[in-house]
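Shall we go through some of them together?

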Amino acid sequence: MLLNRQQSGKRWHLRPDGAPKVTGQLQYLTDMTLPDMIHGRVLRSEYPHARILSIDTSEAEALEGVYAVLTSKDVPGLNRFGIATPDQPVFCEDIVRYVGDAIAAVAADSPERAALALDAIRVVYEELTPLNSTDAALAPGAPELHEHGPGNVLHRTEIKRGDAEQAFATCDHIVTETYYTPRQMHAYMETEGGLFVPDEEGRLNVYAATQHGYKDRMQLARIIGCPEEDIRVVSSPIGGSFGGKDELNVQPYGALLALRCGRPVKMHNSRKESVRAGLKRHPMKIEMQTGMSREGIIQAHRVRITADTGAYATLGAPVLNFCTEHCLGPYAIPNVDVEGVSVYTNNGLSGEFRGFGGNQAIFAMEGQMDRLAAIMNMDPWEFRRRNMREKNDPGPLNQRILVTDGLSQVWEALDRSELWQKHQSPPAHPALPPWIKRGVGAAIAMHGAGLGYGIPDPAGGRLSLNNEGKIEVAFSYEEFGQGLIATLEIMLCDLFQCSTLDLSIIIGDTDRVPHSGSSTASRSTTMAWMALQRLQTPFRSRVLTVASALSGVPADELVTGPGGVWRKGQLPAETSEVESESGLLISYAELATQGEADEWIFDTKFDYPTTPDNMVGGHYLYTYAAVAAEVEVNTLTGETKLLDTRHVVAAGPVINPMGYIGQIEGGSVMALGFTLTEDAVMQDSRYVTTNLDTYLIPTIQDIHTNLEVEAIEDLPEGDSFGPRGIGEIGSVALAPAITAAIHQATGVWVNRLPVPKEQLVRPLNVPLQEGVSPS
């Protein structure tokens with residue numbers, strides 16, 4: 001099915017949050033206020049690496065309008081947080097490890113007064129030499145940033161299969177390349193913040209953006225030293241996250257200040273503070289050596305991954321696991337030697353980011369495939385097909401995965417696309433000046449969904465008929481712009497032929513929803529769909545049984561519909577608008593009055609499907625994508641412009657066409673920045689780019705309008721997992737497609753992102769040569 005803004009072949013569903021967002025009426029969590037609230041701010045380290053000799057807060061505490069000044073001695077529980085490895089101090093005690101490290105927090109009656117209080121805190125440091133690179137951190141004798149070592153290594157990974165050393169000795173052609181990827185910002189519109197409200201019962205209400213409210217609650221309870229049930233976390237709606245708000249950010253400080261002051265405390269990072277303290281995509285160096293036979297069959301693959309995780313762990317270990325798994329691509333390679341290391345440095349924080357290490361790995365692996373194809377003088381798409389895994393082959397870790405035809409389907413669909421034909425038969429452009437070059441490239445990807453084997457990945461949901469006569473669904477997922485609420489509306493309307501007016505959707509509130517896992521890893525759509533499949537039968541049975549008893553009509557002659565229960569055959573053709581209720585027998589409101597409230601509540605719990613093999617980090621469900629891109633390169637300036645793209649995605653049934661396209665478009669724009677413009681440059685472990693005026697995210701002028709999305713909805717018979725999430729698949733394969741297109745246009749092999757413009761600049765009198773690879 002070809003999706004576009006005009007015609008998708010399916011009914012388009014307007015987002016329920018669309019109008020409030022575009023009119024500015026929607027209240028984000030950072031928009032919330034209360035009459036008696038005060039304002040919190042955090043004092044952060046001036047140095048990337050230093051010893052704290054003393055902290056004097058007396059001057060700040062004496063200021064008028066200052067209600068609290070907190071340091072490490074004021075943390076009643078665990079002075080650490082971290083969603084997987086709690087190694088980041090809430091407040092530093094003796095050592096600071098990056099320029100965003102928290103030293104103290106203040107609460108005052110205005111933001112300006114809070115800023116004055118921060119300036120009044122006196123901290124004496126002994127500056128230490130920062131470990132400003134992974135090489136420096138791994139060097140013999142380097143100071144250890146954490147006691148739990150060894151050295152400055154957070155995590156190591158490996159995949160060993162066959163005998164790579166012996167296989168390389170017999171290869172006819174070997175390609176060796178090192179790839180570098182940038183430290184990318186999430187650049188969400190709503191920076192980190194929220195409102196923290198203690199109530200009269202002694203509970204703390206947290207209104208702050210996160211992708212996993214229950215995990216935030218657990219971490220805050222450890223810090224505060226209280227039962228988890230004493231904390232309520234409300235986590236929707238969010239003005240963007242992309243992984244960057246998956247970890248705690250302002251929550252520990254807002255919580256501690258609110259409890260100390262007994263008043264609501266508002267926290268809201270400036271953009272500069274968000275840049276300084278927030279997570280970034282892991283910059284990586286990926287060394288690859290790939291050997292093949294004279295027939296173009298890959299025989300051996302050696303990879304060495306070095307990831308800069310920054311000062312603290314966050315999810316650096318799982319990101320490295322994911323990158324390691326995906327650096328083999330969707331290819332059948334008999335001899336594999338892969339090692340990865342995630343390294344602590346004093347370079348800010350690297351953590352969760354859309355694609356989760358897949359972007360870096362796929363850029364490198366697909367770059368290898370293009371270089372190998374060039375050696376063979378073979379069409380790069382055909383070269384991929386020659387080496388692709390078959391559908392019954394095991395996954396990258398040699399683990400069992402769910403069998404689908406997705407990989408071959410996306411390959412074939414892109415192969416016959418009009419855009420890819422331009423690569424095979426490049427059109428002439430006589431009207432273009434000679435310094436403007438055009439090219440088309442393509443890439444393919446398989447991308448694991450869910451958290452992977454060995455990580456708890458609970459799922460579930462709740463379906464009920466509430467006392468207002470609404471069909472209510474409750475999940476612990478969050479709406480952060482991906483269109484989750486609209487997708488849930490479509491699922492429920494399809495299941496019960498009801499109207500959106502019959503629905504109540506509750507998400508992201510730990511007091512009101514079951515623990516159904518996080519809104520991460522492209523899992524939410526699949527898990528919501530699977531939960532509703534389990535819940536629909538008992539719920540419908542209860543509804544129809546009660547309706548039958550009230551009406552005297554046999555239950556097998558009744559159906560759910562808009563407004564309530566109808567006789568079969570009398571449902572209106574269009575359930576969203578009911579002109580007449582003459583066929584409506586019993587309304588949902590009437591049904592809700594029958595029996596006890598808990599008789600109308602249905603819960604389910606299960607785990608996200610994962611590989612049955614004991615392969616830590618290995619995935620079971622994959623989505624597949626093929627991307628073609630056409631670029632225009634100005635060889636006088638080095639500017640690259642994306643002209644056209646085609647995404648083919650195999651992710652099961654399309655539930656929400658508008659959301660589907662939106663996710664692919666959004667992921668593509670993020671990938672465009674990753675490829676051409678974005679890099680949070682650091683010098684001596686300090687950010688050079690401290691705001692969005694010098695950090696270049698793509699603007700509307702950079703975003704091409706000609707983007708086609710083809711959705712392959714086929715699933716094998718018996719596949720019970722339904723639609724797959726696509727929040728990441730649109731972002732992972734565009735970079736190598738663009739760099740392949742640059743090579744066709746200019747002859748330059750790109751191995752570093754964002755693409756260095758200076759590599760593409762050529763004097764008019766110097767012809768480009770095929771295969772040029774600048775040093």
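Below, each label is set against its definition.

Q: How do you know what kind of model this is, and what counts in it?
A: The model is predicted: local features need pLDDT of at least 70, side-chain atom pairs count only at pLDDT 80 or more, and totals for chains, interfaces and linings use all residues. Residues are numbered from 1 along each chain as its sequence is written, and side-chain values use heavy atoms, with hydrogens and water left out.

Q: What makes the buried residues of α3 line one face of the helix?
A: Helices here are DSSP runs of H or I with at least four residues, strands are runs of E with at least two, and both are numbered from the N terminus. Helix α3 spans residues 111–120, and its Ala 114, Ala 117, Leu 118 and Ala 120 are buried. Seen down the axis, these buried residues fall within an arc of 160°, so they line one face. That arc is taken from the directions that run from the helix axis to the C-beta atoms. Buried means under 20% relative accessible area, exposed over 50%, and partly exposed in between, with a 1.4 Å probe and protein chains only. Glu 112 and Asp 119, on the other side of α3, are exposed.

Q: What covers the buried residues of α3?
A: The cover includes β2 (38–44), β3 (50–56), α2 (58–61), β4 (66–70), β6 (102–108) and β7 (122–127). Contact means heavy atoms within 4.5 Å.

Q: Why are β23 and β25 called edge strands?
A: Two strands pair if DSSP finds at least two bridges between them. The open sheet has 3 strands in the order β23-β24-β25, with antiparallel pairing. β23 (558–561) and β25 (584–587) each pair on one side only, so by the pairing rule they are its edges. Strand β24 (residues 564–567) is joined to β25 by 3 bridges, and the bridge partner of Gly 564 is Ser 587 in β25. Helix α15 (residues 524–551) lies across β23, β24 and β25, at about 115° to β23. Such angles run from 0 to 180 degrees between N-to-C directions, with axes fitted to C-alpha atoms, for helices over the stretch in contact.

Q: How do you know that β2 and β13 pair?
A: 2 bridges join β2 to β13 (residues 265–268), and the strands run parallel; the rule asks for at least two, so they pair. The partner of Ile 38 is Val 265 in β13. Strand β10 (residues 193–198) pairs with β13 in the antiparallel sense over 4 bridges.

Q: Why is the pair of Tyr 98 and Tyr 312 called edge-to-face?
A: Rings of Phe, Tyr and Trp (its six-membered ring) pair if their centres lie within 6.5 Å; planes under 30 degrees apart count as stacked, over 60 as edge-to-face and the rest as tilted. Here the values are 6.1 Å centre to centre and 80° between the planes, so the pair is edge-to-face. Tyr 98 and Tyr 312 are both buried.

Q: What makes the pair of Trp 381 and Trp 420 tilted?
A: Their centres are 5.8 Å apart with 50° between the planes, so the pair is neither stacked nor edge-to-face, but tilted. Ring pairs also link Trp 381, Trp 411 and Trp 420 into a cluster.

Q: How do you know that Arg 281 lies over the face of Phe 353?
A: A charge sits over a ring if NZ of Lys or CZ of Arg is within 6 Å of the ring centre and within 35 degrees of the ring normal. Arg 281 lies over the face of Phe 353 at 3.9 Å from the ring centre.
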